[in-house]
Each structure stands twice: as C-alpha cells, then as structure tokens.
Amino acid sequence: MVNLILQGLALGVLTGGLYALLASGLSLYFGVMRVVMVAHPAFLFLAAYLTYTVHTAFGVDPFLALPVTVPVFFALGVAVQRLLVARLAPDNLAMMSVLLTFGIALTIEGLLGTFYTGSYRSISMEYATRSLTVGGVSLPYDRIIAFAVAALTLGVLFAVLVKSRFGRALRATIQHPEAARLVGIPTGRVAGYGFGVGLATAAVGGTVLALITPFFPASHWVWIGKLMAIIVVGGLGSVVGAALAAVLLGVVEGLVLVTVDATWATMMFYVFLFLTLLARPQGFFGGRLAHRF
Amino acid sequence: MTSLRTEGLTKAFGGVRAVDGVTVELRDGLINGLIGPNGSGKTTFFNIVTGMIRADAGRVLYRDRDITRHAPHRVAHAGIGRTFQLCRVFPRLTVLENMLVAVRRTRLRELLAGLRDKGEVERARHWLRRMGIEHLEDAEARDLSYGQQKLLELAAVLMAEPDLILLDEPAGGVNPALIDRIAGLVRDLNAEGRTFLVVEHNMELVMGMCDHVIVFDRGAPIAEGPPSVVREDPRVLEAYLGV
Amino acid sequence: KTDEPGAAQSPGQQQGAVRVGISLPLTGDFSEPGKGIQEGYQVWADRVNAKGGLLGRKVELLFRDDASDPNRVSSDYESLITQDKVDLVFGPFSSRLVIPAAKVAESYDMVFVEPAGAAAEVFEQGFTRLFYAAPAIADDHYNYLADYLVKLPADQRPKTAAYASLDDPFAQGTAYGLRDRLAAAGIETVVDEVYPPETTDFAPIAAKIAAANPDLVVGGTQFEDAVGLVRALQELKVQPKLAAFSTGPTLPEFPEAVTGAAEHIVSPVGWSATADLPGNQEMVARYKEMFGGEPNEDAANGYTVGQIIEAAVAAVRCADPSKACQDKLTQHIRQATFQTVVGPLSFDDQGRPEQAHMIQQYVNGKIEIVLPEQAETADLVYPKRAW
Amino acid sequence: MSEPVLVLEDVVAGYGRAAPVLRGLSVTVRAGEVVCLVGPNGAGKSTVLKVASGLLAPRSGRVLLAGRDVTGLSPQKLLGLGLSHVLQGHSVFREMTVAENVRLGGYTVRDQARLDARIATVKELFPVVAERWGSMAGLLSGGQQKQVEFARALMLEPAVVLLDEPSMGLDPRNTQVVFDQIDLMRRAGVAVLLVEQNARRALETADVGCVLDLGRVHISGPARELAADPRLGRLYLGGQPAT
Amino acid sequence: MYAAMATSWNLLGGFTGYVSLGHSAFFGLGAYGTGLLVTRLDVPWVVALVVSAVLVTAFAAGVGVAAVRVRGASFVIVSIALVSMMNLVVQGWRSLTGGSTGLQVPSPFPGLHRGQTHMVFFYLFLALLALALLVWWYVSRSRFGAGLRAIREDEDKAESLGVPTGAYKVTAFSLSALFVALAGGLYALWFGSLDPIFVFSILIGSYMVLMSLLGGVRHLFGPLLGALIVAPAGEYFLIALGETQIHLTATGLVLVLVVLFMPDGILARLTRRRAGPSIHDQSADQRLQEVTP
Ligand SMILES: Nc1ncnc2c1ncn2[C@@H]1O[C@H](COP(=O)(O)OP(=O)(O)OP(=O)(O)O)[C@@H](O)[C@H]1O
Ligand SMILES: Nc1ncnc2c1ncn2[C@@H]1O[C@H](COP(=O)(O)OP(=O)(O)OP(=O)(O)O)[C@@H](O)[C@H]1O
Ligand SMILES: CC(C)C[C@H](N)C(=O)O
Ligand SMILES: [Mg+2]
Ligand SMILES: [Mg+2]
C-alpha cells in the first residue's frame, strides 16, 4: 500500500509536469492577454498530428519535429492574433474570445477529421516503453522526458515573460495599449508575438502528448476542462501559479486514482476548482488587482 | 449627533499600513473635509467604511449602529453613498437607467415593480435637473463628457437618498467652472441636512467649503478642526501643505 | 464514391431502387468505427448490385451523419423513414446510438438489424424488431476464453485477475462477462476499476494493478484506452500470465501504437479475415478493391447486416416499408439461421445472437485465432511472453 | 521668438463615425515655450494631444513636427522624432512593478548609463517611486500612480512634451514638483503643450494660453493676460478663491 | 426547443454579461431529474417536470453562490467545469442513473403515435418559450433588470449604490437554470433516452450562447431569431457536407465570423442607433458668445 501511494505520488508529479506545460500556454493568453483560449487543446492536437506526419514521413524522432512545429505554430499564433483576436472589441474580450476560439477549435477539429480521418493515431518510440525503477517505484521514461521538457519550456517561458524586454513590452501592451504605444512599443507586433509564444508552447506540448498518448481529432475536448481547472486554481494568468497548481492537481489525481477510482480522480479537478472559488476566488497564486479607486 | 464614527480602524497591505488605527467622529449635518498627502490612506478609509475592503481591526459605527464588515449594498441601505476617485458610471446604460439602478431597500415588491415606475422616474428627473443634466436623460453614459459623468455619478448616489455622502476627489479633473457648481450643490444639499465627507487636494475648495477638516498622514489623522485652524497647524504644514 | 447522401434524390421512386436508410456516427467519438460500418454496408451494396440487386431492384444506401449524437440519430431515422420513405433501415454504430435509433424504428414498425449494439441493455428495452448481427452480445464475448481458463489444470490456472474497464456499456459488458464467470470458478478478483471516457492517464491504474500483481489482466476497452493501458502496464513492469483487451487489439493501428507489446495479447473477435466462411473471401477481396487495405471487424459487421437482410428479403420476397412486409421480415429473421461472414447466426426473442465470439491472439506479430478449437489457426500461448 | 516646433493646422478629428470632436483647430508650440490648453470638460483637449502624438489620425488638417509633415505617423515614429505624450488619467501598467513601469518609459533608450542616471533623478524627485520600487503599480493610491506616470515620462529627454492634466489627483507638494519640472523643461528648450484643469496654476507657469471650446481654439494669448480676464475667469477658470 | 433554451440562457447572459457555457448542466439535470422521477418513483410526468425543475433551481442557487464569485473569464471556466462534473456524477452513479448506459424514459403519451407526440411536444416547447420570453420581458422592465444590467457594466459600482449584487446574480442564475431545466425535462419526456455524454455536452451549452449572440443578447427576440437561424444552418451543413468532418469546420467558421463581424447580434445591427456622442451643449454656445470679441 505504501508503495502504491509512493507510486501514485511519483506518477502524479510527473503527470503534473505535463499538465503544467499544457496549461502554461493557456495561462499566458489568459493572464497576459485576457483571452480565454478554448482552442488551445485543439492546437495541441494539431501539433500532435503534425508531429505524427513528420515522424511517419521522415521516420525521425518526434522531438526532431520541434524545429518544424515550433516556428510554424509561432507564425500561426501571430496570424491568429493579428487577423482574429485583435479585431475583437476590447470591452468584453473575455466573452468574445471564448466564442471565437471555440469556433477555431471546431474548425481545427473538422480539418483534422477531414485530413487525417477520425481514426486514432499514436507515435511510440522504443524508449517510451521503458522505465526507471527507484526503490520499488517505476518512473516511465516517457513521463520523465515529458517532465523535463515541461520544466525546460516553462523555465524559458518564465524567463521570456518576466525578465526580457519583450516580456515587459508584452505585458505593458495588454495592460494599457495606448500608454504602451506612447512609450514606443510596437503594440500590434508585440501582441502577435505573445500569442505566437503561447502557441509555440502548444507545439511543444503537442509533441510530448503525441509521445505518450494516442489521439484522434475530438481528443481535445477532454483536456479543456482539466486545463481550465488548473489555471483557475493556480490563479488566472500566473504562469508560476498554473505550474504549481498543475503539479498539485497531478499529485492529487494520481493519489486518488490509486486509492479510490478514476471517476473521483477526475472529479478532484472540479472539486478543487470549487474549493478555490469559495476560499480564494482569485486563485491561489494570482494576484488580481482590485479596481476600486 | 454623531453621523459616522470609527474606532481604531486598521488595514495593512503587505508591509504598507494604509490605514493605521483611525478613530474619527463626524458630526451630523456638517461638510467634513479629508485631506492628506498622496497615499495617506484616504481612499482606503472610504473603502473600509463602505464595506469594499475588510479592515484588519477596528469598528465602523453609523448613527451608533455597528456596520463593520457589512457588505457594500447594506452600507448603502444604511444611508451612506459614495463616489469614486476615478468617476464610475455604467457606460452602456442611459443616463436615466443609471439613475434607476440605485436601490434603497430590497423589497421584492419594489424590485419587481416596473422600471418606469412613475414616482421613481420623477425622482430621477428631479436629481438630474438639479445637476443640470436633465436634457441628457436618454444619452448613453459613455457619451457624456467627464464632467457630466461626475455630475451623473453624484446624482445617482443621491437617488438612494443617503444621509452621509462620501466624495472622493469630486474636483479632480473637473473644469474650474464646474467645480464651483459642484461646490454650490454640496452646500445646498448640506443645507437640506445631508452630511458630507470630502476627500480633495484642491485646497481652495476644501478650505472654502468645509466646516471641519481632518488631515491624514501615513494612514492616521494628525490634525483636525475648522479649516482656519488646520491651515495654520505646523504638523499639517509640514506633512501636507508645506513645500 | 459509390453512394451519395440521399438528400438530393427525389422521394417516391418506390418501384425503382430499394432504398436503405442509415445514420452513422461519421464524426465525433465513434467516427472511426462508424466509418468501418459504412464501408461494410457499401461493400455489401456493391456486391448485391453487381449480382442484380434485391428482388431485381438496385440497392441504394442513404447515409446520414449523426455526429455520434443520440439526438441526431433519432431525428435522422425519423426523417429517413418519414421524409425519404426508405424501404429498409440498417443500424448505426454503438449501443449508445442503437437504443434511440431502435426506438424510432420500432415506432414505425421497421425491422432493425444492427451491426454494433452489443451491450446487454440493448436487449432489455423490449424491442421486438431489433437484431444484432454479430456472433454474441458483449457479456458473452469472452466465453471461449473463460472456458479455456477454467479448464486449465489447477497448477496452471491463474489465481488472481485484475479488471479495468471503460465506463461504456459495451466495454464494461465484455469485462464483466468474463469477470463473473471467472469469479464463479474461484479466480479471485484483485482489482476492479472503472474509468470515465475522459481518462487520459493510465499510469495510476496500472500502478494499482502492479501493486496487486495479478496473473491475469483484463481490459474492457475501446482503442485509446487499450493502448494507454498496455503502455502503462508495460512501463510499470506488470507481467501477467495473460492479458486480454477488447476492441483495441482488433484494430490494425494497434500493434504499432503499442510498439511490440501486442505480442500474445488476446481479445474477443467476431470475425476473421482468414476464416473460411461463405462469402467471406469475396467480401475481403471486394473491400480491398473498393477501399484498398484490409477490412476490419466493423466492416464485416456492417456487411453481415446486409447479408441477413438480403437473405430475409429473398425469403419473404418483399422489401418495402409497409407493416406487412416488415412483419414478415421480422418473423423470418427471428426463426431462421443465416450464413454470414461471421459464421452462422440465429437470434433469441430479444434479438440477441446466440453464438459466440472467437478469441484472437497476436502470435509472432500476426493475429491468429486461438479459440475455439474448430476455428483456430494457432495455439493459444499461455503464459504470455513478458512485454 | 524661437522656431515653431509643433504645429497643428486646421485639424478635424473625431472618434469612430461620430461627429467630429475637433473642428478646424490650430495650435503652435515653440521651443522653450509652454502652451497651456484650457477649456471645459469634453471640449476636446485630450483629443488635440492624441492627434499630435499620432494616437488618433485626423480626418483632415496637418501636424508638423520641426517643420516636417508627420500627419498620420505612428506614435513610435513620433517618439523617435522626439515627441512624448503623457496620457490623462491612470495609464500605469497596473500589473507591473513600479520599477518595470519606469524602465518601460525608457523602452526606446538603448544607452543603459543614461537610463540609470534618469532613474536616479526621478527617484529623487518622487520619493514614493523609490520607496515602492518593487510594488505592483496598480496597488498604489491614485496620486502615487500619477507620480509613477510622470516619472515614466521623464525617462526620455524629448524635444516636445504633451502633458494631459499632470497634476490631477496630486497633493500640493507633488503638484509643485510637476510644475517645477515643466519649468525645467522649458529652460532646457523643450516645447511643452500642457492641458490643465488646475487652470489658474497652469496659466501662472505657461507662456501662452489657449481657450478651447466646441472643438476650436477661440482665444489665445499670453497666459497671464488670459488669467486676468474676468470673463474667462468666470466661464473657464472658476471663481476667485473664496477665502 | 433551442429557442426556449437560448432565451433562458439570455436571462443570465444578456443581463449580467456572465457567459455560461455550462447551462447544459442544468439541462441535463432537469432531464435526468424528470426521467428519474418518472421511472423510479412513478410520478406523473407533469409533477416530475416541475419538481425536478424546482430541485435544479435550488441546486443552481447553491452552485451560483460559488460560481458568481468570479467574473469574466473565470466564470466561463467554472461553467465548463460544472458540466464536466455533472457528467461524471451521472456516469459514476450507476445504480441511480444507469451510468453510461443512459436512462430510458417512457413516453408520457403512450397512446399517441409518434408524429402526434412530436406535435404535442412542439406546443409544449412553444409554451415554454413563450413563458421564458415573458419573464425576460418582465425582468427587463423591472428594477431587478436594471440592477442586473448595472452589474454587467460595473459590479463594484452597482454594489456601492445599494444593489445586492450577490443575491441578484444568484437569482438570475437560478432563474435561467429553472427554464433550462424545464427544457431539459421536456426533452427527457419527449426523447425518451438520456445519455450522459450528450446531455451534459459543452456543445449544447455553446449552441445556446451562439444563438443568443447571433440574434443579439440585448434583445427580447434575439435568442429566438438566433435559434431559428442556427438550428437549420447546423442541419444544412451536416447534410451538405456530412461526408467528412468538414461540417464542423463550417460551423466553426460561422461562429468566428459572427464573433468578428456581428458581436452585438443581428437585431443590434438592424436597430442600431447612431453611435457616438451627439449631445449638443448649448451652454458652450452661450459661453462663446460671451467671450468671443
Ligand atoms: N489594494 C491595495 N494593495 C496594496 N496596497 C494598497 C492597496 N490599496 C492601497 N494601497 C496602499 O495604501 C496606501 C494608501 O492608499 P490610498 O489609496 O488610501 O491613498 P489616498 O490617501 O487615497 O491617496 P491619493 O491622494 O493619492 O488618492 C498607499 O500607499 C497604497 O499604495
Ligand atoms: N475614445 C473615444 N471614443 C468616442 N468618443 C470619445 C472618445 N474619447 C473622447 N470622446 C469624446 O470626445 C469629446 C472630447 O473628448 P476629450 O477627451 O478630448 O475632452 P477633454 O477636453 O480632454 O475633456 P476633459 O477635460 O474632461 O478631459 C468628448 O465629447 C468625448 O465624449
Ligand atoms: C462490437 C462493437 C462494435 C460494439 C460497440 N462498440 C457497442 O458499443 O456496442
Ligand atoms: Mg485616493
Ligand atoms: Mg481630457
């Protein structure tokens, strides 16, 4: 039993890392750009399919597809932002963006279904089936890889957002576009790049996802709820918060799964969501500012 | 009679003690001024009194009733109205609709009563007339100029017939000619028996209009009294007026 | 394309073609198997038409996409029957869609032969015109395997078994059918998990199984979760003596998706490409010609529906939506036995097929039928190789 | 008299499809000169500045910067040409620290040493900026945010500065700092276009005053003369101090 | 049916600006509640319908207390989570609800032929729609409605004017849930079989939103009009493009276009008042007369 719990814990942490990566992009659009990106999981799977294509066509390791998918997604993100999101009226951006991205998600799902048919695809690499055993606890290599990639991507993302000139410009653009233009920030371009970065994380996430689970065009629905729950618990817009919440929920899920059952484990996401709302609506890590002057 | 009394109100944000043990008393029927340097806790004090922020410690009494930690709408029902430092109206509602939002009590019957309830509409028009913006009744609030919005905000507060009105920088960003007008209105309303607490940096206005002035510094009152006295107070000169 | 959706065609050509109305989940959750069934239907229609049609009339298939939505499936059948005035209807895919669809068919007195409503519940609704065109309902899929295991000598017999099943009437049915029989025979159930369709992470379930270290692992699965489970079990080094999963391993994508781990996995299968059954080879050949690639079980099930109707129509000599004709068809199907590509089929009063599924196993990377003995192409390997 | 640096000629401008806000407005600002725009709320003062800084493209008319036609250029371009604009109201980046806000003021400056020198200067001018260097700007009090905004604007050393009500919400001490800075800029040869509701105070500092109403400049002249005009006083500048 | 649901949704969305993608939760609960009462307790259908709608309303009030604590984007997420959660509960609670097998509800009119049953339910839905429209109209004229609109514009401000925002929001939330639950109950009786996955689907929720939005959220008949357009359009795409999944793409694109070009809806477009300030200020003229030499 103890071993089982340890195993659940270990798996939870590793899965949490993956969740963190997948949620990070969402958190970015949300917090930094006030856009509710329902289409993020759809883009994840788009990336997964692209990785699949590259992998099957050239037989290369899925991670070698990244140099292709990441720039493509970056460009795609810039295009989506400049052509679509930028046109939304700012007064109810949150609401409109949900609908807009919902439409985008449907569009992607439809296209994937048309080009790849509705069947399951999966990529499996030899290394993805083995695991490392530490003190009776097995750590699958693919999860370890996912965790490492997640950590790395998050690190880079954090550095970009918080430390770089671009990150500052991006946040400034979102918080007060007029003032941002007046200090010389090319706001249109910056916002586009911001979205691009978000989608670039989807490219990475999609690759990792492709490696560890089979997928089909409608797979993305399953992820929306979970990822959304994570970013609310973490505090909207806080990339760090999302990462911590992801690991937390990953662990809780893992533990509940091994001790109770899968329904309850999934339920935990929503239980935590509601608990968060009751206790601290602004999330556990995000500092929402009171607009009360 | 006491209108508003606070006892040891304290609120700290992280390391900043925004309001630090404030005990003040406002007498009924006066125009009270509240001045102090930027960041001395005036707005925070307002927010605590009106229930928008929870104090860490201390009590708020209104006409000897404890209203500490009451939700903002209950504070409003108790008879306290407020305006905001940056004026806030409902941008996509018309001026008249803006006026009709204010609710005095929450009785079901009243709630379900038609919006165009004759009496209410008449009252709304009355206040708009007093502010001189009755001709804008059907315009959307966002189409009003800043000064007009300020007047509308004040009119909407008055709809709820509050006895104590908290104004946060009513003159900020307002054209001087209009300031004179607002000051006149405040005096008139005061003459009708309403109590005011006005935060303002415009010294001419404060000194000219107020009966009693409280000076805040670093979250606590450092002086109070009639304008003429406060103006000469050395602590006030140093902390606030002195240059 | 052989057939276009019928929306464009004018109704009322009763004496022309025999029009068959079908709604299938061509998109949504069940789109993949839905497609398979569609192909099966098309192959059948193609063959019938090549032979001169049903009662000399050409067969024309009218497809609707119900997007895996039970709402839609019923409105589809409703409009196929009332607006398009089809002569016959064939069933959709999945027990979930079959039930609402059958309701509609019942209320219009249409005979309803369906390729994929295997869950026990389908037959408990009191339908009188529903028949499931496959060898066995979900609960009976593993019967041959159960018999085999129970008959093993006591020292070889597995002592413990772990069950993990998708929350889906069909998938659960298969696992529970086996569980109940094995439990009755004294094989201890050490893990019994049900997971919702949203589940994407199977490692913790595998961890639970690992902790119990059972001799036998049974998955009541569809595709995605079968792959997920196998991989997770592999990673956590669970090495049972036998692993059985429903549905997933019968799909051609499976061995690749689990890279090598497929070896010796068993699963129930209602049809085999190599089986020497009447018409089977013809169907396989025609399928290859029409769609390229190998047909799968879904296609075969669709084809089977066609075969049953074809035989029934030939026997009662009518194919129109009138109650009289549909009654005759129903009666015939209820009492007759049909020679189909999944073997001879007959039905009980609720429309359950009375035969059994074969058991397949990956042996040396190839699918072999290992049970029952009459059909076997290779011997069951037990205990299985480690993955 | 020095050269005109910023010239607006017959500008017509407005928002969306609505009637124009500016209807043929002309203003000239010279190097080393402070021009003050006064006028009622909603007269279009802020709009003038937006047109000048490129935030709003005029429907007709021209904007000249140092003799060059810059009509319709983007704010970034104009910033590159030495024009900077401080917005009215709260324009801090709320969810960024004071430090980040101030540094962003120098977004276009690549010379780190110069930036650091400016930062040291503004920290000295506004103690709050130094004190709350690491705080989230949105959490500061209204007046403190204003100071951060002004500090941010001081990061550059532009040739033309557009200031929109820089003293709004500031306490007397900080108001003084702001006007001192304006004076310093003038002495450094910077052209300043100032919008102020604190009109009397502004006209004391300014060289030229312009009265804006209904989208046009109706009266302009030496600031002191305007301030002394009793009609203007009553209509635009407010009554004389009551005490 | 869709028209009734969209109008009900608009009771919340149109007034308060809270976008709920999760109204299908109440739809599903209403459906299951009615179904269970009829099948397990043999309650007459009308009673079952009303009782279950009332229960759902009470439940919505409970949920509302937590849910309306967050605004904008977070609220959308919470509403999505609610649907997923209900889906899990209903699926997991096998003994009561039949789990994934679904629930079969006998028709309340066994004597009627199918076509006649359709007609009966058509009128029932029509009645529900009329009721929902009536309530909407009444609320829109009441002070309660004015309060809700104020909440949409500026919640803190409304509260400081004495509007008990919490109570208002919960009331609106529950009221709108009530109607959706009624629609769900009728659906259960009409359709006869309930499947958790489809009853609790985000798609149903989004359709309500799309319809309201397309028609115009601020208008009484907006959602109705939207429903009249969306429902047949969906059918059309399915039939015309049903061969592949491209019809999803078509729906998605329509959604994107609506959001981009008609965010206020068709009715708003038709009845649009000329935007912008056009208030002529007479006092300014007087002022100028006085000063201009
Ligand atoms: N929500 C908050 N979080 C953290 N600090 C806050 C918050 N609100 C106010 N403060 C701090 O509390 C102090 C008092 O602020 P307050 O707004 O009450 O000042 P004020 O007297 O109204 O100033 P001003 O004249 O500039 O409007 C300031 O130092 C401010 O930074
Ligand atoms: N973004 C905008 N969209 C539409 N109309 C606007 C916008 N900004 C300002 N207006 C309108 O333009 C007119 C002039 O506004 P402007 O802000 O230039 O006035 P102002 O003179 O600066 O007034 P104040 O002293 O109140 O700041 C006003 O009637 C205002 O309603
Ligand atoms: C045999 C399978 C095609 C059955 C199908 N999966 C069902 O749900 O009933
Ligand atoms: Mg303040
Ligand atoms: Mg202005």
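Helices (H or I, at least four residues) and strands (E, at least two) are DSSP runs, numbered from the N terminus. This is a predicted model, in which local features need pLDDT of at least 70 and side-chain atom pairs count only at pLDDT 80 or more, while totals for chains, interfaces and linings use all residues. Residues are numbered from 1 along each chain as its sequence is written, chains are lettered from A and ligands numbered from 1 in the order in which they are written, and side-chain values use heavy atoms, with hydrogens and water left out.

**Stop 1: chain A**

Select chain A. Its secondary structure consists of 11 helices and two strands. Followed along the sequence, these elements give the pattern α-α-α-α-β-β-α-α-α-α-α-α-α. Of the 293 residues in chain A, 66% are buried. Here, buried means under 20% relative accessible area, exposed means over 50%, and partly exposed lies in between (1.4 Å probe, protein chains only).

**Stop 2: a residue of chain C**

Move to chain C and select Asp66(C), which is found in the loop between strand 2 (59–65) and helix 2 (70–82) of chain C. Is Asp66(C) buried or exposed? Its relative accessibility is 0%, so Asp66(C) counts as buried.

**Stop 3: ligand 1**

Select ligand 1 and display its surroundings. A residue is near a molecule if one of its heavy atoms lies within 4 Å of it. Ligand 1 is surrounded by 20 residues, and the closest are Lys42(B), Thr43(B), Thr44(B), Ser141(D) and Gly143(D). The site is shared between chains, because residues from chains B and D surround ligand 1.

On chain B, an N or O atom in the side chain of Asn38(B) is 3.0 Å from an oxygen atom of ligand 1. On chain D, a nitrogen atom of ligand 1 lies 3.2 Å from a backbone N or O atom of Leu139(D). An oxygen atom of ligand 1 also lies 2.6 Å from a backbone N or O atom of Gly143(D). On its own, ligand 1 has 630 Å² of accessible area, of which the protein covers 92%; such areas come from the Shrake-Rupley method with a 1.4 Å probe, and for residues only the protein chains shown count as cover.

Which elements give two or more residues to this shell? They are strand 2 (16–27) and helix 1 (42–49) of chain B, together with helix 6 (142–153) of chain D. The shell around ligand 1 contains five nonpolar, 12 polar and three charged residues. In this division, Ala, Val, Leu, Ile, Met, Phe, Trp, Tyr, Cys and Pro count as nonpolar, Asp, Glu, Lys and Arg as charged, and the others, Gly among them, as polar.

**Stop 4: the magnesium ion of chain B**

Next, select ligand 4. This magnesium ion is coordinated by Thr43(B) (OG1) and Gln85(B) (OE1), at 1.9 to 2.3 Å. Thr43(B) lies in helix 1 of chain B and Gln85(B) in the loop between strand 6 (80–82) and helix 3 (95–101) of chain B, so the pair ties together parts that are 42 residues apart in sequence. Both Thr43(B) and Gln85(B) are buried. Donors are N, O and S atoms within 2.8 Å of the metal (3.2 Å for Na, K and Ca); water is not among the atoms, so sites may look incomplete.

**Stop 5: the magnesium ion of chain D**

Select ligand 5, a magnesium ion coordinated by Ser46(D) (OG) and Gln88(D) (OE1), at 1.8 to 2.2 Å. Ser46(D) belongs to helix 1 (residues 45–53) of chain D and Gln88(D) to the loop between strand 6 (83–86) and helix 3 (98–105) of chain D, so the pair ties together parts 42 residues apart in sequence. Ser46(D) counts as buried, at 18% relative accessibility, whereas Gln88(D) is partly exposed, at 29%.

**Stop 6: ligand 2**

Finally, select ligand 2. Of the 15 residues around ligand 2, those that come nearest are Gly42(D), Lys45(D), Ser46(D), Thr47(D) and Gln88(D). An oxygen atom of ligand 2 is 2.4 Å from an N or O atom in the side chain of Thr47(D). The protein buries 75% of the 630 Å² that ligand 2 exposes when taken alone.

Notes: Polar contact = N/O pair within 3.5 Å; in protein donor to acceptor, adjacent residues only side chain to side chain.
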